[in-house]
Amino acid sequence: MFDLKDLYQEVIVDHNRSPRNFGKLEDADRVAEGFNPLCGDRLNLYLKMEDDRISDIRFDGSGCAISVASASLMTEALKGKTRDEAEQVFNEFHDLVTEKKPEDTDSITHLGKLAALLGVKDYPTRVKCATLCWHTLHSALEGNTTPVTTE
Ligand code: ZN
């Protein structure tokens, strides 16, 4: 039988075990640092911009399975996207995970693999783990140099 929850779980385990785009990006032109004191998740996000497009994106750091899987999935989803497109994905993901917007088939299809993280919305403390990388991305795109914290 096809169980969506199991599939989501598998995606998270896989991305935590072998995170994509992990490691420093030497020629990054934007770097941002994020910290979630509640859980101890720390990450550095590296961006290489080509005009308004994210031509490369990588991350490193350490944290719980959710924070690592989320950052890994995010980098996969955003490579090649423009800044506006990236902010759109961020807003969509954020609205769903904080339940500002009800989950519907359209938004789930839109998010693709990122939808695997929507299960965290039942656990408010885990929402911070899942959104840390997104807040860090936002800061990197804005060119902020102050470290991001979820508190
Ligand atoms: Zn965490």
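Modeller: Cys 133 is buried, with 0% relative accessible area (buried means under 20%, exposed over 50%, partly exposed in between, with a 1.4 Å probe and protein chains only). This is a predicted model, in which local features need pLDDT of at least 70 and side-chain atom pairs count only at pLDDT 80 or more, while totals for chains, interfaces and linings use all residues. Residues are numbered from 1 along each chain as its sequence is written, and side-chain values use heavy atoms, with hydrogens and water left out.

The closest cysteine sulfur to that of Cys 133 belongs to Cys 129, and at 10 Å it is too far for a bond. Zero disulfides turn up in a search of the whole structure, a disulfide being a pair of cysteine sulfur atoms within 2.5 Å.

Cys 129 instead gives its SG to the zinc ion, as do Cys 39 and Cys 64, and Asp 41 contributes OD atoms; the distances are 2.2 to 2.6 Å. Donors here are N, O and S atoms within 2.8 Å of the metal (3.2 Å for Na, K and Ca), and sites may look incomplete because water is not among the atoms. Along the chain the donors are spaced as C-x1-D-x22-C-x64-C. Asp 41 lies in strand β2 (residues 41-50) and Cys 64 in the loop between β3 (53-62) and α2 (65-78), 23 residues apart; helices (H or I, at least four residues) and strands (E, at least two) are DSSP runs, numbered from the N terminus.

Asp 41 is buried at 1% relative accessibility and Cys 64 is buried at 15%, whereas Cys 39, at 33%, is partly exposed.
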